[in-house]
Amino acid sequence: MALSRRRFLASAAAVSALGVFAPAVAQNKPLRIGILAPRSGIAAAPGLNGIRATQWAVDRYNARGGIGGRKVELVIEDESSPKDTIERFSKLVQQEKVDCVQGIISTGVGLALGPVVEEARALTIYWDGTTQDGVDEKIPNPRYLFRSTDNECEAVMSSLLAIKSWKGKFATVAGINPDYSYGRNNMAAFIAILKRFNIDHKVVTEQWPKVGTMDLTSHVAALKAVKPDLIFSSLLFADLPVFMKQAHAAGLTEGTKLVFPAAGWQHTLMKKEFTPEGMLFGHNTLYFANPEASPLAKEFVAWYETTYNDYPEWEADRAYFAVASYKEAVEKAMAAKGGNWPSQDDVIDALVGFSIESLGGKSGWRKDHIAEQTFVQGFTTHKNKYDFVTLGSFETRYATELQKPPGANFWEWIKTAEFNI
Amino acid sequence: MSAFANIFAGGVFHAAVLFLVAAGLQLVFGVQKIVNLACGSFYALGAYFGVTFIGYVHQFGVSEWLLLPALVFSGLLLGFIGPPIERLLRTVYDRDESFQLLLTFALVLMFQDVFKFIWGANPRSLDTGYLIYGTVSTGDFSIPVYNLLVIAAAIAVAVGLGTFLQRTNYGRILRATAENRAMAEALGVDVRHIYATVFTLGAVLGTTAGALVVPTAAASLDMAIEFVIEAFAVVVIGGLGSMRGALAGALIVGLIRALSIVLYPELEVLAIYLIVIAVLIFRPVGLFGRSLA
């Protein structure tokens with residue numbers, strides 16, 4: 001086909017127009033956030049909580065113009081084994097060209113992915129999974145990686161509340177905790193804090209069921225055999241309500257002080273029929289029925305109940321905090337650049353050192369890229385409209401009271417920290 | 001003494017459920033020579049369906065006292081899945097064992113996705129009912145009556161299966177087919193029908209076990225794989241294809257597990273597999289198995 005003069009000029013004009021408006025088009029492209037969260041297996045329920053909270057936040061942002069004027073798109077991939085999750089992370093960064101990756105619940109996956117994040121130089125915000133083997137820092141001084149609060153925060157808070165409420169009222173202690181670093185570190189933290197406060201105690205048995213063990217009758221029998229005054233348990237998967245059911249059937253819960261820092265992950269399954277009142281119960285960073293919750297949190301809980309006929313747990317807060325703090329940082333960095341779109345480094349710098357109101361309360365990022373959030377724990381009650389337990393009296397504590405400072409050794413910190421009992 | 005009784009009761013309860021699953025596995029292998037990894041999926045299916053079924057019958061005002069028979073009925077209802085899956089397995093009857101393992105493992109994974117599709121990723125449990133029959137207590141010893149009923153159901157199945165296989169004509173035909181398929185066929189036995197019946201019976205044992213255990217526990221996506229591993233330990237100890245072996249193996253695994261949890265909690269898994277290794281070294285066919293040679 002011969003190129004006529006008129007067609008040539010029209011084409012040239014079109015090319016010129018594209019060139020002139022190219023920056024504006026780039027800035028108006030949707031902002032893409034990659035999500036890595038479990039949608040099957042033992043952590044599927046918290047994974048779904050996080051995805052739903054992220055979607056809720058993004059829908060709200062998009063209804064008001066998005067983040068920094070750009071609509072937000074979510075690209076959701078599964079978090080599964082470390083190897084597969086790393087491959088999906090690479091896909092999100094290299095093929096999907098996402099602007100930020102958020103998610104990750106498993107400690108094992110988080111530890112394996114950390115160095116890959118730094119290598120890829122891709123801003124990534126974890127929801128959870130900051131337990132480390134031996135509680136040493138395994139990913140020191142990350143630039144691109146932002147991680148959740150230390151998982152031991154809930155054990156520290158439970159230990160403090162147990163001492164505050166029951167000092168002098170227990171002498172024998174038993175543990176039943178999941179057999180991986182989270183369960184082992186939590187039990188060790190509880191014992192270390194008892195020693196720190198010179199609480200006379202004797203550990204009469206420590207049970208370590210595999211995660212997901214559904215017949216715990218023998219573990220219950222083992223606990224019952226030693227008649228402990230207090231049971232400490234950081235069971236948190238589907239095995240937790242099963243344990244409570246079987247412990248209640250065996251009469252183990254009567255007269256025994258129960259300290260369960262992570263029970264909030266299964267809160268709607270902790271039915272009144274088998275979960276006693278007065279049990280020390282951790283909701284981590286989101287207690288859905290907190291009467292002192294912010295209007296934002298109450299709106300979210302109401303939406304969650306209406307949409308899913310369910311009540312959210314803490315992974316929803318972790319996910320909301322990830323996306324909300326990212327939005328805040330992008331817009332803060334944009335303002336500093338006179339309204340121009342910030343680079344990834346600008347956003348990373350903007351994330352550090354500020355706090356926002358997340359669903360569970362005040363939350364922020366430390367200079368070492370570890371989150372600080374607000375924790376809720378208290379004592380169970382049956383006096384509510386639900387068929388599961390909620391909290392009667394409870395306390396909220398900010399992570400600065402519960403988390404080792406940057407660079408500190410967790411066990412040494414416990415020995416010297418100024419705890420508020 | 002009561003502490004020991006509690007531990008013993010916990011071990012026997014675990015053994016009872018293990019026996020029901022392992023009995024299905026043994027029956028299918030004994031007659032069809034198929035190592036059916038999907039027996040764990042039948043167990044999980046029974047648990048999930050049991051939760052749904054009980055929720056459904058409660059809507060019609062059925063008394064909670066009928067929990068146990070309702071769960072047994074729900075497990076039996078699932079028998080309809082046996083024939084189509086057995087039809088699928090016919091494609092690998094005469095092939096290498098690795099094909100059988102691959103196909104039945106594929107079924108495990110497919111069932112897991114089916115569970116997720118129908119029941120979602122969250123574990124499902126019966127919130128009430130476990131203690132409807134009360135608790136038997138003496139001093140510090142206590143056991144829910146429901147647990148005793150499950151143990152009694154397992155004993156009844158063991159006795160019933162034994163009687164069926166040893167004392168009935170159909171049982172004799174099953175055993176004859178297990179001994180020599182070609183000869184049974186030559187004598188006019190409809191082996192296809194036998195295989196479909198046996199496989200369905202094996203599946204029903206699994207689904208009923210799952211349904212029976214769900215009031216004490218919860219149905220979850222991982223329970224199939226979790227349980228099938230233990231069921232294989234039972235089979236190795238008892239002897240592949242032996243019903244008495246299933247009973248003995250289940251009791252050994254259940255009681256060793258219970259004792260190790262009390263005495264050396266760290267060795268809960270190790271203790272079971274030490275016995276498995278010992279059996280494999282000193283009596284590879286298992287306590288009640290017979291050499292295939």
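**Exercise 1.** In this predicted model, describe how domain 1 and domain 2 of chain A are placed relative to each other.

*Solution.* Start with the centres: the C-alpha centres of domain 1 and domain 2 of chain A are 28 Å apart. Next, take the bounds. The domain assignment gives 27–149 + 293–372 for domain 1 of chain A and 153–284 + 375–416 for domain 2. Then turn to the contact between them, to which domain 1 of chain A contributes 18 residues and domain 2 of chain A 22 residues. Last, sort the domain 1 side by class: five residues are nonpolar, five polar and eight charged.

**Exercise 2.** Work out the strand order of the open three-stranded sheet of chain A, and place the helix that lies across S11, S12 and S13.

*Solution.* The order is S11-S12-S13, with antiparallel pairing. Strand S11 (355–358) and strand S13 (371–372) of chain A pair on one side only, which marks them as the edge strands. Now look at one pair: S11(A) and strand S12 (residues 361–365) of chain A are joined by four bridges. Within this pair, Ser358(A) has Gly361(A) as its bridge partner.

**Exercise 3.** Which elements of chain A each supply at least two residues of the side that touches chain B?

*Solution.* Begin with the totals: 33 residues of chain A and 33 residues of chain B take part in the contact. On the chain A side, the elements are helix H2 (44–63), strand S7 (202–207), helix H7 (217–226) and helix H8 (239–249). H7(A) gives the most, eight residues. By class, this side of chain A has 16 nonpolar, nine polar and eight charged residues.

How values were computed. Residues are numbered from 1 along each chain as its sequence is written. Chains are lettered from A and ligands numbered from 1 in the order in which they are written. This is a predicted model: local features need pLDDT of at least 70, side-chain atom pairs count only at pLDDT 80 or more; totals for chains, interfaces and linings use all residues. Two residues are in contact if their C-beta atoms, placed from the backbone, lie within 7 Å. Ala, Val, Leu, Ile, Met, Phe, Trp, Tyr, Cys and Pro count as nonpolar, Asp, Glu, Lys and Arg as charged, and the others, Gly among them, as polar. Domain bounds come from an automatic or database domain assignment. Two strands pair if DSSP finds at least two bridges between them. Axes are lines fitted to C-alpha atoms, for helices over the stretch in contact, and angles run from 0 to 180 degrees between N-to-C directions.
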